[in-house]
Amino acid sequence: MGEAADALAKALSAEHAAVYAYGVVGGRTSGRLRARATSAFDAHRARRDRLRTLIEQRGGRPAEPGPMYRLPFEVRTTADAVRLAVIVEERLTTAYLELAADRDPALRRLAAAAAQECATRAYGWQPVVNAFPGMPQPAGASPSPATAEPATAGPGVSPDDQAPSDSEAPSDSQAPPDSEAPTDAGATVDGGGQ
(Lines give C-alpha, C1' and ligand atoms only; values in the text may rest on other atoms or scores of the structure.)
Protein backbone atom coordinates (compact mmCIF):
# COMPACT_ATOMS: atom_id res chain seq x y z
CA MET A 1 0.00 0.00 0.00
CA GLY A 2 2.24 2.87 1.22
CA GLU A 3 2.34 6.31 -0.34
CA ALA A 4 -0.22 5.56 -3.07
CA ALA A 5 -2.69 4.30 -0.46
CA ASP A 6 -2.22 7.45 1.62
CA ALA A 7 -2.67 9.72 -1.40
CA LEU A 8 -5.78 7.80 -2.51
CA ALA A 9 -7.20 8.05 1.02
CA LYS A 10 -6.59 11.82 1.11
CA ALA A 11 -8.24 12.27 -2.29
CA LEU A 12 -11.22 10.16 -1.15
CA SER A 13 -11.49 12.20 2.02
CA ALA A 14 -11.49 15.41 -0.04
CA GLU A 15 -14.19 14.00 -2.33
CA HIS A 16 -16.40 13.12 0.65
CA ALA A 17 -16.16 16.75 1.80
CA ALA A 18 -16.91 18.07 -1.70
CA VAL A 19 -20.08 16.01 -1.91
CA TYR A 20 -21.18 17.48 1.43
CA ALA A 21 -20.26 21.04 0.41
CA TYR A 22 -22.11 20.81 -2.89
CA GLY A 23 -25.23 19.80 -0.98
CA VAL A 24 -24.91 23.13 0.82
CA VAL A 25 -24.15 25.00 -2.43
CA GLY A 26 -27.22 23.47 -4.09
CA GLY A 27 -29.37 24.54 -1.15
CA ARG A 28 -28.35 28.19 -1.55
CA THR A 29 -28.63 28.46 -5.32
CA SER A 30 -31.37 28.24 -7.92
CA GLY A 31 -31.77 28.09 -11.68
CA ARG A 32 -28.58 27.69 -13.67
CA LEU A 33 -26.36 27.94 -10.61
CA ARG A 34 -28.25 25.07 -8.97
CA ALA A 35 -27.95 23.05 -12.18
CA ARG A 36 -24.19 23.70 -12.13
CA ALA A 37 -24.02 22.69 -8.46
CA THR A 38 -25.98 19.51 -9.19
CA SER A 39 -23.64 18.64 -12.05
CA ALA A 40 -20.62 19.16 -9.79
CA PHE A 41 -22.25 17.13 -7.00
CA ASP A 42 -22.83 14.23 -9.40
CA ALA A 43 -19.28 14.49 -10.78
CA HIS A 44 -17.76 14.45 -7.30
CA ARG A 45 -19.92 11.52 -6.26
CA ALA A 46 -18.77 9.55 -9.29
CA ARG A 47 -15.11 10.40 -8.63
CA ARG A 48 -15.55 9.45 -4.97
CA ASP A 49 -17.01 6.09 -5.96
CA ARG A 50 -14.11 5.49 -8.38
CA LEU A 51 -11.60 6.21 -5.62
CA ARG A 52 -13.40 3.83 -3.25
CA THR A 53 -13.17 1.09 -5.89
CA LEU A 54 -9.47 1.74 -6.46
CA ILE A 55 -8.73 1.53 -2.74
CA GLU A 56 -10.67 -1.74 -2.45
CA GLN A 57 -8.91 -3.20 -5.53
CA ARG A 58 -5.59 -2.46 -3.84
CA GLY A 59 -6.64 -4.33 -0.71
CA GLY A 60 -7.49 -1.25 1.34
CA ARG A 61 -10.57 -0.26 3.24
CA PRO A 62 -11.98 3.08 2.05
CA ALA A 63 -13.01 5.57 4.72
CA GLU A 64 -16.67 6.37 5.08
CA PRO A 65 -17.83 9.99 4.94
CA GLY A 66 -18.35 11.93 8.11
CA PRO A 67 -21.92 12.86 9.09
CA MET A 68 -21.06 16.52 8.49
CA TYR A 69 -18.10 18.75 7.69
CA ARG A 70 -17.02 22.15 9.01
CA LEU A 71 -17.34 24.79 6.32
CA PRO A 72 -14.82 27.65 6.11
CA PHE A 73 -17.61 30.19 6.63
CA GLU A 74 -21.38 30.31 7.02
CA VAL A 75 -23.14 30.01 3.67
CA ARG A 76 -26.09 32.40 3.76
CA THR A 77 -26.35 33.76 0.23
CA THR A 78 -25.89 32.73 -3.36
CA ALA A 79 -22.62 34.66 -3.42
CA ASP A 80 -21.43 32.65 -0.39
CA ALA A 81 -22.41 29.42 -2.16
CA VAL A 82 -20.43 30.40 -5.25
CA ARG A 83 -17.42 31.30 -3.11
CA LEU A 84 -17.66 27.93 -1.32
CA ALA A 85 -17.80 26.08 -4.65
CA VAL A 86 -14.61 27.84 -5.79
CA ILE A 87 -12.83 26.99 -2.54
CA VAL A 88 -13.91 23.35 -2.75
CA GLU A 89 -12.65 22.98 -6.31
CA GLU A 90 -9.34 24.72 -5.58
CA ARG A 91 -8.70 22.55 -2.53
CA LEU A 92 -9.59 19.41 -4.45
CA THR A 93 -7.09 20.38 -7.12
CA THR A 94 -4.47 20.51 -4.39
CA ALA A 95 -5.55 17.13 -3.00
CA TYR A 96 -5.06 15.53 -6.40
CA LEU A 97 -1.58 16.99 -6.85
CA GLU A 98 -0.17 14.59 -4.25
CA LEU A 99 -1.73 11.64 -6.07
CA ALA A 100 -0.32 12.94 -9.36
CA ALA A 101 3.18 12.45 -7.93
CA ASP A 102 2.69 8.68 -7.52
CA ARG A 103 4.87 6.28 -9.52
CA ASP A 104 1.85 4.42 -10.95
CA PRO A 105 1.06 5.94 -14.39
CA ALA A 106 -2.63 5.04 -14.08
CA LEU A 107 -2.92 6.94 -10.79
CA ARG A 108 -1.04 9.90 -12.27
CA ARG A 109 -3.48 10.01 -15.21
CA LEU A 110 -6.48 9.78 -12.88
CA ALA A 111 -5.10 12.54 -10.65
CA ALA A 112 -4.23 14.80 -13.57
CA ALA A 113 -7.70 14.43 -15.07
CA ALA A 114 -9.35 15.05 -11.69
CA ALA A 115 -7.22 18.14 -11.00
CA GLN A 116 -8.01 19.50 -14.46
CA GLU A 117 -11.74 18.94 -13.93
CA CYS A 118 -11.61 20.70 -10.56
CA ALA A 119 -9.67 23.65 -11.97
CA THR A 120 -12.16 23.95 -14.83
CA ARG A 121 -15.11 23.91 -12.44
CA ALA A 122 -13.46 26.50 -10.17
CA TYR A 123 -12.97 28.78 -13.15
CA GLY A 124 -16.58 28.16 -14.18
CA TRP A 125 -17.78 29.39 -10.81
CA GLN A 126 -15.42 32.38 -10.76
CA PRO A 127 -13.72 33.17 -14.07
CA VAL A 128 -10.64 34.79 -12.59
CA VAL A 129 -7.04 33.69 -12.94
CA ASN A 130 -4.98 34.55 -9.88
CA ALA A 131 -1.34 35.58 -9.97
CA PHE A 132 1.22 32.90 -9.22
CA PRO A 133 2.72 33.13 -5.73
CA GLY A 134 5.39 35.80 -5.65
CA MET A 135 4.03 37.56 -8.74
CA PRO A 136 2.29 40.92 -8.49
CA GLN A 137 -1.50 40.82 -8.32
CA PRO A 138 -3.10 42.52 -11.38
CA ALA A 139 -4.42 46.03 -10.68
CA GLY A 140 -7.89 45.94 -9.17
CA ALA A 141 -7.79 42.18 -8.58
CA SER A 142 -9.03 40.81 -5.33
CA PRO A 143 -7.35 37.97 -3.43
CA SER A 144 -8.25 34.41 -4.27
CA PRO A 145 -11.32 33.19 -2.38
CA ALA A 146 -9.22 30.23 -1.25
CA THR A 147 -6.85 32.53 0.60
CA ALA A 148 -9.15 35.40 1.53
CA GLU A 149 -10.85 35.24 4.89
CA PRO A 150 -14.61 35.68 4.65
CA ALA A 151 -15.75 39.01 6.04
CA THR A 152 -18.87 39.43 8.10
CA ALA A 153 -20.43 42.58 9.41
CA GLY A 154 -19.23 43.35 12.89
CA PRO A 155 -16.73 45.37 14.86
CA GLY A 156 -13.78 46.49 12.79
CA VAL A 157 -15.29 45.38 9.47
CA SER A 158 -16.44 48.06 7.08
CA PRO A 159 -19.38 47.47 4.73
CA ASP A 160 -16.88 47.51 1.83
CA ASP A 161 -15.13 44.47 3.35
CA GLN A 162 -18.26 42.32 3.43
CA ALA A 163 -18.84 39.35 1.15
CA PRO A 164 -20.45 40.19 -2.21
CA SER A 165 -24.22 40.25 -2.43
CA ASP A 166 -26.23 37.69 -4.36
CA SER A 167 -26.40 40.06 -7.32
CA GLU A 168 -22.58 40.10 -7.47
CA ALA A 169 -22.31 36.33 -7.85
CA PRO A 170 -20.91 35.27 -11.23
CA SER A 171 -23.62 34.70 -13.77
CA ASP A 172 -23.66 31.67 -16.01
CA SER A 173 -23.07 33.92 -19.01
CA GLN A 174 -19.68 34.92 -17.55
CA ALA A 175 -18.53 31.42 -16.86
CA PRO A 176 -17.51 28.62 -19.21
CA PRO A 177 -19.53 25.43 -18.92
CA ASP A 178 -18.58 22.90 -16.25
CA SER A 179 -16.59 19.85 -17.10
CA GLU A 180 -18.82 16.82 -17.39
CA ALA A 181 -16.20 14.49 -15.92
CA PRO A 182 -16.67 13.27 -12.36
CA THR A 183 -14.68 14.51 -9.38
CA ASP A 184 -15.35 14.36 -5.60
CA ALA A 185 -13.80 15.22 -2.14
CA GLY A 186 -13.81 13.97 1.44
CA ALA A 187 -11.58 16.00 3.79
CA THR A 188 -13.12 18.79 5.75
CA VAL A 189 -14.05 21.60 3.45
CA ASP A 190 -12.07 24.06 5.55
CA GLY A 191 -8.86 22.15 4.88
CA GLY A 192 -8.63 19.98 8.00
CA GLY A 193 -8.79 16.20 8.09
CA GLN A 194 -11.70 14.03 9.09
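Predicted model: local features only at pLDDT ≥ 70, side-chain atom pairs only at ≥ 80, totals over all residues.
Glu-98 is partly exposed, with a relative accessible area of 40%. I use buried for under 20% relative accessible area, exposed for over 50%, and partly exposed for in between, with a 1.4 Å probe and protein chains only. Lys-10 is also partly exposed, at 45% relative accessible area. Lys-10 forms a salt bridge with Glu-98; the closest N and O atoms are 3.4 Å apart. By salt bridge I mean a side-chain nitrogen of Lys or Arg within 4 Å of a carboxyl oxygen of Asp or Glu. Lys-10 sits in helix α1 and Glu-98 in helix α3, so the pair ties together parts that are 88 residues apart in sequence.

**Ground rules**

I number residues from 1 along each chain as its sequence is written, and side-chain values use heavy atoms, with hydrogens and water left out. Local features need pLDDT of at least 70, side-chain atom pairs count only at pLDDT 80 or more, and totals for chains, interfaces and linings use all residues.

**Overall layout**

I find four helices and zero strands in the protein. From the N terminus the order is α-α-α-α. Helices (H or I, at least four residues) and strands (E, at least two) are DSSP runs, numbered from the N terminus. Of the 194 residues, 40% count as buried. The protein exposes about 10,400 Å², and carbon and sulfur atoms supply 54% of that. The areas come from the Shrake-Rupley method with a 1.4 Å probe; for residues, only the protein chains shown count as cover. I also checked contacts, meaning heavy atoms within 4.5 Å. Among contacts with a separation of 6 or more, 81% are between residues 24 or more positions apart.

**Core**

Which residues have the most contacts inside the largest nonpolar core? They are Tyr-22, Val-25, Tyr-96, Leu-99 and Trp-125, in a core of 36 residues. The elements giving two or more residues to this core are α1 (3-27), α2 (31-57), α3 and α4. The most comes from α3, with 11 residues. A nonpolar core here is a set of buried Ala, Val, Leu, Ile, Met, Phe, Trp, Tyr and Cys residues joined through side-chain atoms within 4.5 Å. In soluble globular proteins, nonpolar side chains tend to be buried together.

**Helix α2**

I checked the length of α2. At 1.5 Å a residue, its 27 residues should span 39 Å, and the end C-alpha atoms are 39 Å apart, which agrees. The expected span is 1.5 Å times one less than the number of residues. The buried residues of α2 include Leu-33, Ala-40, His-44, Arg-48 and Ile-55. Their cover includes α1, α3 and α4. Just after α2, Gly-59 takes a positive phi of about 85 degrees.

The 21 residues of α4 should span 30 Å at 1.5 Å a residue; its end C-alpha atoms are 30 Å apart, which agrees. Buried residues in α4 include Leu-110, Ala-114, Cys-118 and Trp-125. What covers the buried residues of α4 includes α1, α2 and α3.

I count nine salt bridges in the structure. In one, the side chains of Arg-47 and Glu-117 meet at 2.6 Å, N to O. Arg-47 is in helix α2 and Glu-117 in helix α4, 70 residues apart. Arg-47 and Glu-117 are buried. In another, Arg-121 pairs with Glu-89, the closest N and O atoms being 3.0 Å apart. Arg-121 belongs to helix α4 and Glu-89 to helix α3, 32 residues apart. Both Arg-121 and Glu-89 are buried.

Where is Asp-102 placed? I find Asp-102 in the loop between α3 (78-100) and α4 (105-125). Asp-102 is buried yet has no salt bridge. The nearest side chain of opposite charge is Arg-58, 5.5 Å away. For charge, Lys and Arg count as positive and Asp and Glu as negative; His and the chain ends are not counted. Leaving aside neighbours within four places in sequence, Asp-102 touches Glu-3, Ala-4, Leu-107 and Arg-108.

I followed up Arg-108, which is in helix α4. Arg-108 is partly exposed, with a relative accessible area of 35%. With neighbours within four places set aside, its contacts are Leu-99, Ala-100, Asp-102 and Arg-103. Arg-108 and Leu-97 are 11 residues apart in sequence and 8.9 Å apart in space, C-alpha to C-alpha.
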